[in-house]
Amino acid sequence: MTAANTHTQDAWAVILAAGSGTRLASALAETAGPQKKQYLELEGEPLFWKSARTFARLQAVQGLVLVFPPEDLERMTGVAADLYQRDPLGVPWRACAGGARRQDSVRLGLAALDASARLVLVHDAARPFASAALVRRVLAPLGEGCRAAIPGLAVTDTIKRVSANDIIVDTPERATLRAVQTPQGFVLAPLLEAHARAQAEAWEVTDDAALMERAGHQVVVVQGEEANVKITTPADLELLRPKACAAPRTGWGYDVHRYVAQAEDDPKVLAKARPMMLGGVAIAGAPRVLAHSDGDVLLHAVTDALLGIACAGDIGQLFPDTDATYDNMPSAIFVTEALRRVRAAGFVPVHADLTVIAQVPKLGPHRARIAAQVAQLLELPAGVVNVKATTEEGLGFTGEKRGLKAVAVVTALPG
Ligand code: CTP
Ligand code: MG
């Protein structure tokens with residue numbers, strides 16, 4: 001086999017950045033201004049440079065060819081030179097002009113390779129997420145005598161072959177199908193021959209593996225990467241958006257309400273005596289609670305925890321108890337508004353841990369209903385809302401049965 005004397009240290013990479021990005025053009029014109037997708041930035045550098053860095057990190061890669069649209073060659077060569085000055089890759093690079101079709105750009109890129117190159121990795125600049133591990137996987141079979149190796153993934157959708165008017169012709173067996181990616185690795189000599197034949201015989205292909213297949217070479221498929229997406233449609237632009245700080249946020253809330261004594265007869269106090277509500281659940285037979293709203297101490301703690309996540313102050317600022325609007329108001333309204341603010345801040349609650357501290361009443365029988373009710377308010381499954389109850393061993397105002405308190409801890413993730 002000719003590859004017997006091929007060792008994997010003689011590889012160059014051809015990075016294809018000579019397309020026009022037509023499927024993205026109109027979306028980009030609206031947002032980023034007219035530009036080609038391969039020049040879009042990810043973490044502060046153009047997509048083609050991401051790939052350049054990935055290849056340059058590999059021992060096996062001796063140099064890079066960047067292929068740009070002819071009309072951009074001069075400008076982009078300057079851009080690449082600036083990038084290289086800031087971030088020397090440790091391998092030489094050169095730039096050349098591409099052609100009208102992808103296969104033309106590859107052919108022209110191959111012609112610009114250094115004479116020492118024995119292996120070539122052909123890669124789409126539009127796939128900035130390819131990892132160094134993937135490149136190594138592609139190179140491995142070439143070191144073992146194969147002439148062509150490409151990454152592929154098993155397909156999860158059933159694929160149909162259709163006629164020009166969208167009538168299904170047949171259904172290839174899914175297990176035999178692979179969605180293939182780049183970088184595609186080749187022994188250079190047979191790839192050059194395949195490209196020459198493609199030119200002479202007018203073969204039209206969408207990847208280089210297809211040329212090698214047609215020229216009669218065996219092409220090995222190695223495991224691709226889900227993340228190695230080709231930025232193609234407007235939906236893919238989401239992948240390039242700077243990730244917001246991915247840290248979760250934890251909000252903490254605390255509230256206390258006084259009990260109204262059974263013998264209370266002050267009409268002012270009685271006007272604010274509410275039957276006990278906890279987490280939106282009426283607790284029959286429990287002491288009455290003194291409050292402006294409905295006095296749901298637990299939902300007030302939950303509201304403050306949510307406002308903590310949203311960095312939106314506290315319940316007293318948002319819903320002052322001097323405001324008659326909130327007189328006897330169901331506290332669920334506070335939770336709903338605080339939740340809206342959490343969402344507006346870009347977070348989604350995922351868990352709540354709640355504690356009610358009271359000497360009386362006994363809360364055990366109510367816990368499950370309270371958890372279910374709070375979960376519903378937070379739009380969470382009941383299984384991720386925990387309700388605890390404790391006494392303070394007869395100590396303090398809860399011990400003296402003069403009131404109760406509640407603590408809420410809510411966790412939210414960026415979403
Ligand atoms: N490419 C190229 N020369 C071409 C066509 C494509 O170098 N004549 C490159 C693209 O820059 C891209 C890769 O090949 O990195 C894959 O092609 P594709 O995703 O189709 O990109 P575009 O052709 O630019 O996009 P579109 O098909 O939407 O116009
Ligand atoms: Mg294209």
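Buried means under 20% relative accessible area, exposed means over 50%, and partly exposed lies in between, with a 1.4 Å probe and protein chains only. By that scale Asp166 is exposed, because its relative accessible area is 62%.

The close-ups below come from a predicted model, in which local features need pLDDT of at least 70 and side-chain atom pairs count only at pLDDT 80 or more, while totals for chains, interfaces and linings use all residues. Residues are numbered from 1 along each chain as its sequence is written, chains are lettered from A and ligands numbered from 1 in the order in which they are written, and side-chain values use heavy atoms, with hydrogens and water left out.

**View 1**
Look for Asp166 in the loop between strand E8 (161-162) and strand E9 (168-170); helices (H or I, at least four residues) and strands (E, at least two) are DSSP runs, numbered from the N terminus. Ala202 belongs to the loop between H6 and helix H7 (208-214), and it counts as exposed because its relative accessible area is 63%.

**View 1. Two cis peptide bonds, one from Thr182 to Pro183 and one from Val360 to Pro361.**
For the bond from Thr182 to Pro183, omega is near 5°. Pro183 sits in the loop between E10 and E11. Gln181 also has its place between E10 and strand E11 (184-187), and Gln181 is buried because its relative accessible area is 6%. The bond from Val360 to Pro361 has omega near -5°, and Pro361 is found in the loop between strand E18 (347-357) and helix H12 (367-378).

**View 2. The largest pocket and its lining.**
What volume does the largest pocket hold? About 990 Å³ of space lies there, where a volume is the space filled by probe spheres set on grid points, joined across faces, edges and corners. The grid has a 1 Å spacing and covers the protein atoms alone; a pocket is an open set of points where a 1.4 Å probe fits, with protein on both sides within 12 Å along at least five of seven lines, and lining residues have an atom within 4 Å of a point. The lining counts 42 residues, and Arg23, Lys37, Asp124, Lys230 and Thr232 lie nearest the centre. At least two lining residues come from each of helix H1 (22-30), helix H4 (102-111), strand E7 (148-154) and strand E10 (178-180).

**View 3. A salt-bridge network around Glu45 and Arg53.**
A salt bridge here is a side-chain nitrogen of Lys or Arg within 4 Å of a carboxyl oxygen of Asp or Glu. The whole structure holds 25 of them. In this view Glu43, Glu45, Lys50, Arg53 and Asp87 are linked in a network. Within it, Glu45 pairs with Arg53, and their closest N and O atoms are 2.7 Å apart. Is Glu45 buried or exposed? Glu45 counts as buried, because its relative accessibility is 9%, whereas Arg53 is partly exposed at 31%.

Asp104 is buried at 9% relative accessibility, while Arg107 is partly exposed at 24%. Glu201 is partly exposed at 43%, and so is Arg197 at 37%.

**View 4. A nonpolar surface patch at Trp252, Tyr254 and Val256.**
Together these three residues have about 310 Å² of accessible area, taken from the Shrake-Rupley method with a 1.4 Å probe, where only the protein chains shown count as cover for residues. Patch members have over 30% relative accessible area and no salt bridge; nonpolar side chains (Val, Leu, Ile, Met, Phe, Trp, Tyr) are joined within 5 Å, and like charges within 9 Å. Trp252 lies in strand E13 (residues 249-260) and counts as exposed because its relative accessibility is 54%.
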